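Hello,

Here is the structure I said I would pass on. My notes follow below it.

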Amino acid sequence: MAGVGVKLNRIFEKKSIAADMLGFVYSVVITVAPMILIIANILLIGWALDFNQESYLTRELFSCTILYTFIFSLLVVSPFNAVLSKYMQDAIYAERYEDILPCYYIGLLMTMVLGCLLGIPFCLWEHIVGGVEVYYVFTGFCAYISMILVFYSMVYLSICKDYEKISIFFFLGMAVAFVLALFLRYRRGWDIAYSMLFSLTIGFLTIGILEFAAVKRYFSRNSSRFLPVLKYFVKWWPLVVTNFCYILGLYIHNFVFWTSDARMVIVNSFVCNQPYDMATCLAMFTNISATVIFITHVEMHFHEKYKLYSEAVIGGKKSDIESAKRRMFRQLGNELMNLMRVQFIISVVIYLLCIVILPQFGFAGSVMQIYPCLAAGYFILFLMYAAILFLYYYNDMAGAVMTTMSFCGVTLLCSIFSMRLPEIWYGLGVVLGSFTGWTVAYMRLRWVERHLDTHVFCQGMLLKQERAPKPSGLVYRLQTGETKKRSI
């Protein structure tokens, strides 16, 4: 993300209100705009097609299909994208651009295989046991596969720093979905729910195809070297664990509450807990601005100090290195505290607005009882994620693994416990899990600060290590006189 910081510095250095607004808009575009576009488009299509006139079962079936599409496509992509992005970054640094397409193809194959292994049995169950029509099930499966392609390809475009193009692709895809939904409903006479599902599937597929074409345009050469990509999964397995545990931790508390007495089962296939899931969505959007703040302030300022420290390590004196290190970690601490202060103010304001405004739109009862605790949990969660990214800066894979595993594990156990408490404490699992993860990440950052010199100067190897037959131990052989005569 350092490229983002450089571009934002160029925007903010003009020091004007217009520049500040432009920088904020740019930050929104490269972070949360795709998510906002999809949600806004679903609401807009529902309003244009009068989705509320559909039966309750039809509406819940559509909602659960979209919910499962997003959650499980993210979970399928999460074990692979961190390692593949690492391989891609190393290939770009070494100027081995011809190795990018093999990385893309092998990763796409593994992702799709895993996605089908999870999705096909569920779709068969949905049709055979749930009695859902084949065409509806197949369309939902295509939406799921299309979202896997979208999330997977976003990794490669993000590495290329083409965030604006990602947002443009999402805008085009959602525009196609909106127009197609109107055409299918009012020109072809399709029912409302299926018109929405089919059009969104085509929109997702459009986004995925555009992203695939962009990747092919960036990297046209193909070295067909697939084995080095697979070796990266062995070497960088902590990235697999870290990313998967983080994404799983985002939803594992929902899975726990899907087993509670308040759960809803749709067509004997989909399981959800409407009040808890809605409260989770509200809590996430209450704190989503932390992502924007992190991009606009934390990385933009911290990267400069990190760069100065790296330059001091390469050619500076010991005193220069120590001074640069102190400034770098001081900046890190300041930015984490600033992120906490600014996000706290924003979260409190949004929380108060939600408490006052949302009950007028039907959001009341259990949803508003559960929401406050979850909002506090997601506030800590996004701070924890910022700390994880700083651990990535220092290549502290052990710290990242410990952080996400403790976050996921504590969230699971405490959610099981909080399920037995009054509704107002349902989000306690997220609060305790996020706080545990944040504590571990902070302690690891302090550990990295104390041991950074060892990490930088004592982790390299003078001799390249490889597996090969052991060479002979013979160094020198003294020739006898007779041997010398024969040699003459």
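Start with Phe219, which lies in the loop between α8 and α9 (227-235). Please keep in mind that this is a predicted model.

Is Phe219 buried or exposed? Its relative accessibility is 6%, so Phe219 counts as buried. The cut-off for buried is under 20% relative accessible area.

What does Phe219 touch, leaving aside its neighbours within four places in sequence? Its contacts are Met88, Ile92, Tyr97, Ile100, Leu101 and Cys160. Glu98 is also worth a look. Phe219 and Glu98 are separated by 121 residues in sequence, yet their C-alpha atoms are 6.9 Å apart in space.

**α4 against α8**

Next, a helix pair. Helix α4 covers residues 56-93, and helix α8 covers residues 192-218. They pack at an angle of about 15°, and their axes are 10 Å apart. Angles under 35 degrees count as roughly parallel, so α4 and α8 are roughly parallel to each other. The crossing of α4 past α8 is right-handed.

Which residues make the contact between α4 and α8? From α4 come Thr58, Phe62, Thr65, Ile66 and Phe70. From α8 come Ala193, Met196, Leu197, Leu200 and Phe204. By class, the residues of this contact are 8 nonpolar and 2 polar, with no charged ones.

**α9 against α10**

The second pair is α9 and helix α10, the latter spanning residues 237-257. Here the packing angle is about 70°, with the axes 4 Å apart. The range 65 to 115 degrees counts as roughly perpendicular, so α9 and α10 are roughly perpendicular to each other.

On the α9 side, the contact residues are Tyr232, Phe233, Val234 and Lys235. They meet Trp237, Pro238 and Val240 in α10. This contact divides into 6 nonpolar residues, no polar and 1 charged.

**The whole protein**

Finally, the totals. The protein has 17 helices and 2 strands. Of its 488 residues, 47% are buried. The accessible surface is about 25,200 Å². Carbon and sulfur atoms account for 67% of that surface.

Best wishes

How values were computed. Residues are numbered from 1 along each chain as its sequence is written. This is a predicted model: local features need pLDDT of at least 70, side-chain atom pairs count only at pLDDT 80 or more; totals for chains, interfaces and linings use all residues. Side-chain values use heavy atoms; hydrogens and water are left out. Axes are lines fitted to C-alpha atoms, for helices over the stretch in contact, and angles run from 0 to 180 degrees between N-to-C directions. Angles under 35 degrees count as roughly parallel, over 145 as roughly antiparallel, 65 to 115 as roughly perpendicular and the rest as oblique. A crossing is left-handed if the near helix is turned anticlockwise from the far one by less than a right angle, and right-handed if clockwise. Contact means heavy atoms within 4.5 Å. Ala, Val, Leu, Ile, Met, Phe, Trp, Tyr, Cys and Pro count as nonpolar, Asp, Glu, Lys and Arg as charged, and the others, Gly among them, as polar. Buried means under 20% relative accessible area, exposed over 50%, partly exposed in between (1.4 Å probe, protein chains only). Accessible areas come from the Shrake-Rupley method with a 1.4 Å probe; for residues, only the protein chains shown count as cover.
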